[in-house]
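Let's take a friendly walk through a structure together. Have the viewer open and follow along as each part comes up.

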Amino acid sequence: MATHVLTPATTAYRSGLYEWLTTTDHKKIGMMYVINSFLFFLIGGTFALGVRAELAYPGLQVFQNEHVYNEFFSIHATVMIFLFIIPMLAGLGNYIVPIQIGAPDMAFPRINALSFWMLPLAGILLLSGFLSSGGAAAAGWTSYPPLSEVGPLKSPGSGEDLWILSIILIGTSSILGAINFLVTIFKMRAPGMTLFRMPIMVWTVLVTSVLVLMATPVITSALVMLFIDRNLGGTFFDPFHGGNAILYQNVFWFYSHPAVYVMVLPAMGIVSEVLPVFSRKPLFGYRAFIFATAGIGALGFSVWAHHMFTTGAVFLPFFSLMTFLIAVPTGVKMFNWCFTMFRGKLSFSTPMIFAIGFLTMFLIGGINGAFSASVPIDFALQDTYWVVAHLHYVLFGGSVFGMFAGLYYWFPKMTGRMLDEGLGKVHFVLMIVGFNLTFFPMHMLGIQGMPRRIADYASDAGWNDWNLAATIGGFLIASSILPFLWNVFVSLRNGKIAGDDPWQGNTLEWATSSPPPPYNFDRLPEIRSERPVFDARHGRVAHEA
Amino acid sequence: MSRPPRRGLAPEALVAGGVVVLLVALVVAVFLSGAGRSLYPPDAATVQAQDTRGLYDIVFALAVAIFIAVEGLIVWSILRYRRKPGDDELPPQTHGNNLVEVIWTLIPTAIVLYLFAISYQTLNAVNAVSDTPDVRVHAVAGQFQWKFEYLDGAGNVLATQTVPYYATTSADCKAASLTNAACGGMAVPVGQKVQVTLDSPDVIHAWYVPRFLFKRDVVPGQTNKFEFTVDPTDAGQVFRGQCAELCGTGHRTMLFTVLGLSPADYQAWLASLVEIAQRTPPPAPSGATTLQLTAQNIQFDKTSLEVAAGQPFVIDFKNMDPAGVQHDVDIRQSDGTTVVVDLQTTDGGKESQYQYQALPAGTYTFICSVHPSIMHGTLTVH
């Protein structure tokens, strides 16, 4: 029987700020990840509101200079992907994964701190592009050369170089984080915590870390080549001097498609923690779920060129087939989630509502993805607003709803206080209505021919109504954040005391105090299944029933 | 897997069933009423697009069926299996079922393999190019203008059309192109095979016409090729097109149209275009002031020009950029947008002698209509 009693080394008194700046505690680092990512969520959202405001009506209203409009959507996407979703999920993992496997901390606490502190630095680098004479990067978050090369009408300013450096820095942070997660998960599990007793959240972080480790160096190579082209006279992507413009896209998407799974798998992990707890049943098909996760991770490396169907430079049947196939493990997961709720006893606290929001919205993001897997249909849809709709149903309807499910679920564990349920439900209703009002009409805009990344459109193109609806929806999403922020502000002071296990959870984080002590556990329960806390509460009898 | 004893229909089941039926009815009503029509592609205007449209209908039907089935299951579970207050009894702890897992792995696999197979078939039809098309067009997309070259069977250029730069939106171009085929840049005979080759002198663009349900990237250093046949009943129709790949600040202004003409009208249109192309320009009037202007690296070599009022003048214009990068020297009012003189563009590596009518005294802007944001200067007439 493993009983860990660990006490922190006694240190001299330090001020609170100094403590946070120098901490190597995975919980504090995890919370800093979450707070930092949330700030960038607000920044990225502000850019999105600028874009939506411009598109509300035909004609140029907000941006007189279209270059600034291009900066806005480029920085919106870059911030949301690299500084919000990826680090937010990494931060939740940072907090939860060591506790869920019964470990006292991450394997390399100092590297953990290093990988966090690179992020605010990278964010400052990226945004400082707005202060440079040529403005911030404006070639889209994909930054395809030759547009992202130096040249008149291309990307002459240093904003693009800052973008490259920022992404390389974030990539380095991700790689360090991934190594840390892998070593932690493989080497620091508590006695009894075999691989097939690990919570699904841990499994998704494990697969995500493998993806990050294998893919991130590849995009770094693309960015380094682009940097050499721009600053040192290279011609990697210059087709008129022996380079190849499409080469960048292959290398870029070899990372950036797996990056979609980096952004979605941990959210799936969160949902797989929340649904069983609030259905009072185990996850349906635990092992099938793990195999599906690994399957998505493996197939995720063979579909990158479906972003490039219209380039005329990829082998279409192969990438079309693989893209269709990756729907299968995703479908298996969807059915497993549904059957976890089926015949359960469901209660609808805010984490559960957001998890159900994830299911219903991610389903749409999966279905509309099948259209793009079909190459002839993709010829019509590629680079239109349909793609914008699809990716937001996956990354917002999926990742962001999953992330909020996680924030509401673990807030009591992190702070010791409950969030207000009423405000949580107001947040959810505003967000899901605003989300659908914003992004569903984009299907119609795309299929009717509105390309992405345009600042203006003809008033007689038939796109006016849907664009206005999307803009209203965008501001509704923004308003939904206010009750959440108010909820956090109020609950931190006056929220109900959470206690160790407010939700009757299954996994080890609910077997320690809220917030957990330094090094997480005074004692660990026995681990005989993937639900050790459930076993301790109900005994083996209920488990076998 | 243990199952609970079968009971009578619970009231929750009735409510849940009712709500699910209601939601399905709502979805069906939306589509039948026509409001869901905006989720369908616009009317397909080419033979290839009709294939794609047929494929879309199949994928769409499957998508709606899967959507209703899964969302229905979720809504059903939410309504039917609510935990009652004070109910502390655990539901049956079902851990899974291998048979169901296999079933819901195999059925989706079969569905996606079917979708792949029919997509592949359609792809072969949509992507097919013939050795002997009826019309060959070489489209060059440069920042920020389309140029369409009409080729003969041997690949020689018969005539060239460029799309004028429009500072506002495609509305102008549409209004103009209904009466003037030249505005749109592309005219094609209906019912005949049109083969388009695509090249770019600068960055990546994309040739996109929504009603053709088709786009293809225009990649520098790589010549892409595709073919389409406009529906024979679409003579006289104008199809809007625009660049679909972000290409810089003027991205949204890279508009063009495709005008469908009957084969006879097309031949007449092409003949007039060829005649204009072969017409020798009249010599510059003797005594007119001649100015020199050069463009290189998408910059004019001068930022100000001066001419006398009330006299015609000539600009010897040299475009030293690579072939494919178009420039011209238009005259606008000092606001930079009101067009005074609009001239044809000059391709990279070529020279033109632009002739201008006499202008009243004042300050004007000379500007490249392809690159108005960075290529302009002041023309003083006194």
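## How to describe two packed helices

Two packed helices are described by the angle between their axes and the distance between the axes. Here, an axis is a line fitted to the C-alpha atoms of the stretch in contact, and the angle runs from 0 to 180 degrees between N-to-C directions. Keep in mind as you look that this is a predicted model.

## Helices 6 and 7 of chain A

Start with helix 6 (residues 200-231) of chain A, which packs against helix 7 of chain A at an angle of about 160°, with the axes 8 Å apart. Angles over 145 degrees count as roughly antiparallel, so helix 6 of chain A is roughly antiparallel to helix 7 of chain A. The crossing of helix 6 and helix 7 of chain A is left-handed.

Now zoom in on A:V207, a residue of helix 6 of chain A. Is A:V207 buried or exposed? A:V207 counts as buried because 23 C-beta neighbours lie inside 10 Å. Setting aside neighbours within four places in sequence, A:V207 is in contact with A:L265, A:T293, A:A294 and A:G297. A:V207 and A:Y261 are 54 residues apart in sequence, while their C-alpha atoms are 9.3 Å apart in space.

## The core of chain A

Next, look at the largest nonpolar core, which has 269 residues. Those with the most contacts inside this core are A:V271, A:V274, A:A355, A:F358 and A:A405. Which helix gives the most to this core? Helix 7 (residues 245-279) of chain A does, with 22 residues. As for A:V274, not counting residues up to four places away in sequence, this residue touches A:P351, A:M352, A:A355, A:A405 and A:Y409.

## Helices 13 and 14 of chain A

Here is another pair to find. The axes of helix 13 (residues 385-415) and helix 14 (residues 421-447) of chain A come within 7 Å and cross at roughly 165°. Helix 13 and helix 14 of chain A are therefore roughly antiparallel to each other, and their crossing is left-handed.

Most residues other than glycine have a negative phi, and most peptide bonds are trans. In the loop between helix 4 and helix 5 of chain A you can find A:S143, whose phi is near 50°, a positive value. A:S143 counts as buried because 23 C-beta neighbours lie inside 10 Å. The peptide bond from A:P145 to A:P146 is cis, with omega near 0°, and A:P146 is found in the loop between helix 4 (109-127) and helix 5 (159-187) of chain A.

The loop between helix 15 and helix 16 of chain A holds A:Q504, with a positive phi near 55°. A:Q504 counts as partly exposed because 15 C-beta neighbours lie inside 10 Å. A:P515 sits in the loop between helix 15 (464-494) and helix 16 (532-544) of chain A, and the peptide bond from A:S514 to A:P515 is cis, with omega near -10°.

## The two chains overall

Finally, zoom out. Chain A has 16 helices and 0 strands. Its radius of gyration is 23 Å, close to the 24 Å that the globule rule gives for 545 residues, so chain A is as compact as a globular protein of that length. Buried residues make up 63% of the 545 residues in chain A.

Chain B has 6 helices and 19 strands, and buried residues make up 38% of its 382 residues.

How values were computed:
Residues numbered from 1 in each chain as written. Chains lettered and ligands numbered in written order. Predicted model: local features only at pLDDT ≥ 70, side-chain atom pairs only at ≥ 80, totals over all residues. Helix = DSSP H or I, 4+ residues; strand = E, 2+ residues; numbered from the N terminus. Rg over C-alpha atoms; globule rule 2.2 N^0.38 Å. Buried ≥ 20, exposed ≤ 12 C-beta atoms within 10 Å, placed from the backbone. Core = buried A, V, L, I, M, F, W, Y, C linked by C-beta atoms within 7 Å. Contact = placed C-beta atoms within 7 Å. Parallel < 35°, antiparallel > 145°, perpendicular 65-115°, else oblique. Left-handed = near helix turned anticlockwise from the far one by under 90°.
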